Amino acid sequence: MGFELELVENTDLARLAWLARIDRQAKRVTVTHGRDVERGDSWLVEGVWPGPFSDLGFAGTEHFFGSGLKLTERGVRLVPSCASVDRLLLAELEEIVYASNSLPLLLAATGARLDPEVNYGPSSYSITKGIDSYDERIPVAHESLTHVSQRFHDALDVTVDGIEVERLSTVREFSGFEEYVGELYRVLEAIAANMRDPARRKPMDAFGTLSRGYDSPAIAVLTKPLGVVSHFTVTNARHIMPGWLNREAVDDDGEMIGKILGLRVVKFSGLGQLRMDTSELHFLSVSTIEPETVFFPLTSDLSSRSNPSVLFTGYQGDRVWDRIPSRDSLTDELVGGGSSGLNLGEIRLKAGFVNVAVPFIHARSICSINRISNSPEMEPWVLGSNYDRPIPRRLIEEAGVPRESFGLRKRAVIDWYREPYNREIRGDFLRWVEARYGVSGRRLLLSNRLSSAATIPIAVKDRVLRIFGRSESRTFPRILGRDLRPEQWLFIWAANRLAAMNEAAIADAS
């Protein structure tokens, strides 16, 4: 007899969140999930893939974005995204395996919490080592659990005998630009059909992001024929250089590019996070990596929509499409990617969108793709600078966008984060820090203000060096004590607070 599946909807959970309790001996799987997770007698999924929805091919395709599970003849298959901007979380307690697409939800189910004395930097950045070398362990405080596991990219089969791993992705050789781009179009066209498939309980809406860099305009070109015409743009990027010192460094407005491509562009300020509500917790509860709170207006927009969404993004483009990437990137292990975008993992579940990071399609074939970037056929689109991506440049220029309108310098939309923006949860955070670490809120806030101010001379020096064609690594100052680790504390505090909230939601539903 095979495994049995019981599904329970819980509207108090994030829209796309799910938690599975797998009893291997009893062969029983109980899943609690949010309202927009698709489900059936033997499966559930929040994601898209290149194939008809009714075929449920997400459990066997190499181009799956989102997460899901499906009963098999031998047990239960758990499927994470092929892109390392998302992950699955697992915990084993004797014969029970807990699995979820949300860290706070998994903590809630097991009663575990992040340990305030642990440095979570190594586990947060571990995926940058690649899909064969990352450390899956996230240490926790619990009477019997020492850690929970983060699992990227590969499908997991849970059986009565244990957990087995299967790699679904492949490596291939492309003959040139036309074949590679043609394959991207083919996969994206099938994904677009999947997300709109009438077999879905809720067909998904589609959006993109747009900037003045390389990756998002190229993806806008690739997805426009598929009907993806609504894009979000940040009018000013976060950058070490203050805008009053160098407007060009922070201007990331993609509206002009959108107009040339015939797209609808929704603009929001890169300072929109100043109006952050309590959903800020979801930006902070994934890792110690800089939270991408600049996207708060975008996630608020998607959260207000009745249908779930697909957001086409450019994460990993800096590795896959760079003409001269770092040497350790030229491997099929996806080395170096995955940290950027990972911190959208919780807020996307709440807002109800799937992150389709397009460059991850065939990203393990990076050596072949890089040979195309450096081939004679691509020479007309090579700039010879240290910010040079011929494949997206060719796509964008052939779509009619002038060369000087994009891809001339790298801009950033991250946030150098030291305290919550929302006043309510900031107070809670500061009280927690003082109670846990003995650091007063006044001292922490003063340190944060002085550290921010001290970046200005660094920015001025950076600007001068760039004028003379030089650059050097930057060290960001930490004022009033190097013992202060707000990025660590924010992650631990936010994940544990959300875990407590999820624990109450699970208890109320039972």
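**Overall make-up.** I began by counting secondary structure, and found 15 helices and 18 strands in the chain. I note at the outset that this is a predicted model. I then checked burial: of the 510 residues, 59% count as buried.

**The open sheet.** In what order do the seven strands of the open sheet run? I read E1-E3-E2-E9-E8-E11-E10, with mixed pairing. The edges are strand E1 (4-9) and strand E10 (137-139), each pairing on one side only. From one strand to the next, the twist averages 20°. I then looked at one pairing inside this sheet. Strand E2 (residues 18-23) and strand E3 (residues 28-33) run antiparallel, and six bridges join them. Within this pair I located Ile22, which stands opposite Val29 in E3.

**The cores.** I turned to the nonpolar residues next. In soluble globular proteins, nonpolar side chains tend to be buried together. Here the largest nonpolar core holds 117 residues. Which of them touch the most other members? I listed Val48, Phe65, Leu114, Tyr180, Phe312 and Trp321. Helix H15 (residues 486-509) gives the largest share of this core, ten residues. Another core lies apart from it, with 20 residues, among them Trp18, Val31, Val37 and Leu78.

Leaving out residues up to four places away in sequence, Tyr180 touches Phe174, Val320, Trp321, Ile361, Ile369, Ile372 and Ile391. Trp321, on that list, is also named among the core members with the most contacts to other members.

**Thr209.** Thr209 sits in strand E14 (residues 205-210). Is Thr209 buried or exposed? Its relative accessibility is 15%, so Thr209 counts as buried, the cut-off being under 20%. What does Thr209 touch, not counting residues up to four places away in sequence? I found Ser216, His231, Phe232, Leu298, Leu311, Phe312 and Thr313.

**Aromatic pairs.** My search of the whole structure gave 16 aromatic pairs. One of them joins Tyr120 and Phe491, 5.6 Å centre to centre. The angle between their planes is 85°, and the pair is edge-to-face. Why does this pair tie together parts 371 residues apart in sequence? Tyr120 lies in the loop between helix H1 (103-110) and helix H2 (121-125), whereas Phe491 lies in helix H15, so the pair links those parts. Tyr120 and Phe491 are buried.

I also followed Phe207 and Phe232, a tilted pair. I noted 5.7 Å centre to centre and 45° between the planes. Phe207 lies in strand E14 and Phe232 in strand E15 (residues 230-234), so this pair ties together parts 25 residues apart in sequence. Phe232 had already turned up in the contact list of Thr209.

**Aromatic cluster.** Trp43, Trp49, Phe53, Phe58 and Phe64 form one aromatic cluster.

Notes
Residues are numbered from 1 along each chain as its sequence is written. This is a predicted model: local features need pLDDT of at least 70, side-chain atom pairs count only at pLDDT 80 or more; totals for chains, interfaces and linings use all residues. Side-chain values use heavy atoms; hydrogens and water are left out. A nonpolar core is a set of buried Ala, Val, Leu, Ile, Met, Phe, Trp, Tyr and Cys residues joined through side-chain atoms within 4.5 Å. Buried means under 20% relative accessible area, exposed over 50%, partly exposed in between (1.4 Å probe, protein chains only). Helices (H or I, at least four residues) and strands (E, at least two) are DSSP runs, numbered from the N terminus. Contact means heavy atoms within 4.5 Å. Two strands pair if DSSP finds at least two bridges between them. Axes are lines fitted to C-alpha atoms, for helices over the stretch in contact, and angles run from 0 to 180 degrees between N-to-C directions. Rings of Phe, Tyr and Trp (its six-membered ring) pair if their centres lie within 6.5 Å; planes under 30 degrees apart count as stacked, over 60 as edge-to-face and the rest as tilted.
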